[in-house]
Amino acid sequence: MAYTVNPPVQINQVTGEEVAVPDSMRVEKHGEDVRENTSAWIADNKSSDPNFKPTPNITDPALSGNATDKQLNDFWTSDRALTNEEISLIQDGILKKENSEEAAQLARLLDYRVTGSTEALLPDDKTFLGIKENNLPDGYYSNQEIDNIILSTDQGGADPKAAHMVLNSNLGFDPASKVVQVLAYQYYSGKITQQDAYEKAYRSGVPHQLLYDAFNRLNTKLGGRKRFSYEQ
């Protein structure tokens with residue numbers, strides 16, 4: 001079972017306008033889940049077997065149903081990758097409380113926990129998570145601006161000079177830097193479109209915020225903000 005957390009907005013392919021994506025539609029399941037409702041599966045087994053213990057992947061106290069505020073905060077701000085079972089439990093909670101504010105908040109927090117992006121968070125969410133707003137470094141795009149650049153503009157593709165610069169840019173050896181560097185090289189070599197690069201990066205498994213940061217670092221090495229025609 002795999003999960004995809006979609007961006008908070010999409011671009012209407014007909015009008016070119018941004019369209020908000022409902023929180024309940026942002027988390028997509030892929031593949032079969034042999035235990036469709038994990039929480040129900042645990043309850044059923046526990047009631048029939050007094051010695052039954054949940055899988056070790058669902059032992060975080062934040063998912064116990066009576067967690068303290070500190071336990072919840074520690075869970076949502078942890079760097080530990082979520083297990084499929086934990087994601088399933090959280091998704092169950094979203095579906096059971098569909099169209100409620102609690103479900104909407106769970107969807108936003110799940111998006112943050114999986115992707116690292118703060119774009120969908122509300123001010124109260126950021127206060128709960130202890131996130132302080134920081135000004136972007138000079139020459140950096142916001143996450144939303146990057147989405148707009150890639151999804152709503154066409155910069156023309158093949159550019160051998162830019163491809164050479166990308167190939168020789170020292171972004172780093174972390175996964176985000178390598179993914180962005182490879183996809184940017186393929187784009188400037190004329191092998192893929194901007195939208196192809198965006199989708200491949202989105203599904204790479206690398207936290208999205210790290211990809212946005214790597215995009216900004218590469219963009220700076222290629223000349224900075226004014227490279228993109230829609231700003232000129």
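1. A residue is termed buried under 20% relative accessible area, exposed over 50%, and partly exposed in between. By that scale Lys97, with a relative accessible area of 34%, is partly exposed. The model under discussion is predicted.

2. Lys97 is the partner of Glu102 in a salt bridge whose closest N and O atoms are 3.9 Å apart. A salt bridge here requires a side-chain nitrogen of Lys or Arg within 4 Å of a carboxyl oxygen of Asp or Glu, so the pair qualifies. Glu102 is likewise classed as partly exposed, at 45% relative accessibility.

3. How many salt bridges does the structure hold? The count is seven. As background, side chains of opposite charge can pair when their charged atoms come close.

4. Asp60 and Arg80 form another of these pairs, with 3.3 Å between the closest N and O atoms. Arg80 is partly exposed, its relative accessible area being 34%. Together with Glu86, Asp60 and Arg80 are linked in a network of salt bridges.

5. Is the pair of Asp125 and Arg108 buried or exposed? Asp125 has a relative accessible area of 1% and is buried; Arg108, at 6% relative accessibility, also counts as buried. Their side chains meet in a salt bridge with an N to O distance of 2.6 Å. The pair links distant parts of the chain, since Asp125 lies in helix 5 (residues 123-129) and Arg108 in helix 4 (residues 101-115), 17 residues apart.

6. Turning to nonpolar packing, the largest nonpolar core has 18 residues, of which Val166, Tyr188, Leu211 and Leu218 touch the most other members. Two or more residues are given to this core by each of helix 7 (160-167), helix 8 (175-188), helix 9 (194-202) and helix 10 (208-221). Helix 8 supplies the largest share, six residues.

7. Which residues are in contact with Leu218, leaving aside its neighbours within four places in sequence? They are Val166, Ser169, Leu171, Val180 and Ala184. A second, separate core comprises 15 residues, including Trp76, Ile94, Leu110 and Tyr112. In soluble globular proteins, nonpolar side chains tend to be buried together.

Note on methods
Residues are numbered from 1 along each chain as its sequence is written. This is a predicted model: local features need pLDDT of at least 70, side-chain atom pairs count only at pLDDT 80 or more; totals for chains, interfaces and linings use all residues. Side-chain values use heavy atoms; hydrogens and water are left out. Buried means under 20% relative accessible area, exposed over 50%, partly exposed in between (1.4 Å probe, protein chains only). Helices (H or I, at least four residues) and strands (E, at least two) are DSSP runs, numbered from the N terminus. A nonpolar core is a set of buried Ala, Val, Leu, Ile, Met, Phe, Trp, Tyr and Cys residues joined through side-chain atoms within 4.5 Å. Contact means heavy atoms within 4.5 Å.
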